[in-house]
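Subject: Structure handover and findings

Hello,

Here is the structure you will be taking over. Please open it first, then read on.

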Amino acid sequence: MSAPTPVLEVEDLRVRLRTPRGPADVVNGLSYSVGPGETVAVVGESGSGKSVSVLALLGLLPRGVATVTGRALLQGEDLLTMPPERLRQVRGPGAGMVFQDPMTSLNPVLTIGRQLVEGLRAHSDMDKAAARRRAAELLGEVGLPDPDGALDRYPHELSGGMRQRVIIAIALSNSPALLIADEATTALDVTVQAQIIDLVEKLQADHGTGVIWITHDLGVVAGIADRVLVMYGGRCVEDGTVDDVLEHPAHPYTRGLLGALPDLAQPAVDGVVPDLATVPGTPPAPTDLPPGCVFWPRCPVRGDARCETEQPPLVQIGPSSGALPHRAATWCTETSALGTESSGEAR
Ligand SMILES: Nc1ncnc2c1ncn2[C@@H]1O[C@H](COP(=O)(O)OP(=O)(O)OP(=O)(O)O)[C@@H](O)[C@H]1O
Ligand SMILES: [Mg+2]
């Protein structure tokens, strides 16, 4: 049986931003796909390009500042060359997004109810009363107390966690083909977080929604992801099934994040790593990326001159536990000895 058509196929995505310090290459050749019902977790420390890479997909980076190239097929249509009016139609039923900063996603002068009802009616033939009932139902599903009362309140009348749940309700309201969640549940307590994750999983089961979940919470990654993409310096340095990446991390950076490299980070306590570990040192500035391995300046196991001067391709690094290859971009000998070239392939 052939693999189902991906919901999203990203090929060689690159984002360059104009900054006062010159051009900043913040996303440098990302290629990945999200299948129907699949969850891809994106991890990496602050500034690695996670948010910019998904904002670029939906045309949400400031115009005149960002240059985006590559391809991003959402159900076969390229988001990167889509006319703006088509992109507006696609946001919602095609792709829903929960932003990292909830205040920027809600209109402060409109009630919660109006924002939800407008979103629901723009993409369906629901009348106002039906949309209002559905809006209250959605707020209940994301665990908001008194959903009917919340419909008539303004964003500033809600707590940060409540606003975040409203944004999640809006993103889920049109049962999107693709859901992008950027630290969507980070600010919520664990019970609400579990409730939201259940809701997303139900959406995936009912509608085959593909999910990109950006998080630093490894418990969430282990619990919900089918595959993991590790970003560093705007590149994918490792990807594969969640089992391959979490249990057999190959890139020294991934091993640092997972606390699996004792020299680099603190080891896990009783095998449980609830959050990404801290890797000593600072990430490279996107205006000044190193010519070789992007992790070289911080790498505790770096090898010969090649690490410093030659960029390692993203290659398959050995047998995989699932249908997906396990790939890493490193010259680290333990892994590259097993390597077979697969860089730049569309998947
Ligand atoms: N509008 C902008 N103008 C200039 N530089 C920007 C802009 N937005 C992001 N950047 C830069 O792009 C890089 C990637 O930022 P991004 O927000 O994608 O990081 P991130 O991986 O999402 O980090 P975090 O975990 O902190 O959310 C950073 O170096 C950031 O400073
Ligand atoms: Mg971010």
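Below are the ground rules, followed by what was found.

This is a predicted model: local features need pLDDT of at least 70, side-chain atom pairs count only at pLDDT 80 or more, and totals for chains, interfaces and linings use all residues. Residues are numbered from 1 along each chain as its sequence is written, chains are lettered from A and ligands numbered from 1 in the order in which they are written, and side-chain values use heavy atoms, with hydrogens and water left out.

Helices and strands

Helices (H or I, at least four residues) and strands (E, at least two) are DSSP runs, numbered from the N terminus. Buried means under 20% relative accessible area, exposed means over 50%, and partly exposed lies in between (1.4 Å probe, protein chains only).

Start with helix 1, residues 50-57. Eight of its eight residues are buried. Among them are Lys50, Val54 and Leu57. Just after helix 1 comes Gly59, with a positive phi of about 65°.

Now turn to strand 10, residues 235-241. It is mostly covered, with seven of its seven residues buried. Two strands pair if DSSP finds at least two bridges between them. Strand 10 has such a partner in strand 9 (residues 227-232): six bridges join them, and they run antiparallel. Val230 faces Glu238 of strand 10 across this pairing. Strands 9 and 10 form a hairpin with two residues between them. In that turn, Gly233 has a positive phi of about 55°.

Strand 10 also pairs with strand 12 (residues 327-328). Two bridges join them, again antiparallel. Here Asp239 has Arg327 as its bridge partner.

Cysteines

A disulfide is a pair of cysteine sulfur atoms within 2.5 Å. By this rule the count is zero. Cys236 is in no disulfide, and its nearest cysteine sulfur, that of Cys293, is 13 Å away. Cys236 is buried, at 8% relative accessible area. What is the distance from the sulfur of Cys307 to the closest cysteine sulfur? It is 6.4 Å, to Cys293, which is too far for a bond. Cys307 is buried, with a relative accessible area of 8%.

Salt bridges

A salt bridge is a side-chain nitrogen of Lys or Arg within 4 Å of a carboxyl oxygen of Asp or Glu. The count comes to twelve. Three of them are worth a look.

Glu11 and Arg71 meet at 3.1 Å, N to O. Glu11 lies in strand 1 (residues 8-19) and Arg71 in strand 4 (residues 66-74), so the pair ties together parts that are 60 residues apart in sequence. Glu11 is partly exposed at 24%. Arg71 is partly exposed too, at 38%.

Arg16 pairs with Asp25, and their closest N and O atoms are 2.8 Å apart. Arg16 is partly exposed at 42%. Asp25 is partly exposed at 23%.

Glu137 and Arg134 meet at 2.6 Å, N to O. They are three residues apart in helix 4, so about one helical turn separates them. Salt bridges with shared partners join Arg134, Glu137 and Glu141 into one network. Glu137 is partly exposed at 44%, and Arg134 is partly exposed at 24%.

Helix 4 (residues 128-141) also holds Ala130. Ala130 is partly exposed, at 22% relative accessibility. Ala130 and Leu120 are ten residues apart in sequence and 9.7 Å apart in space, C-alpha to C-alpha.

Best wishes
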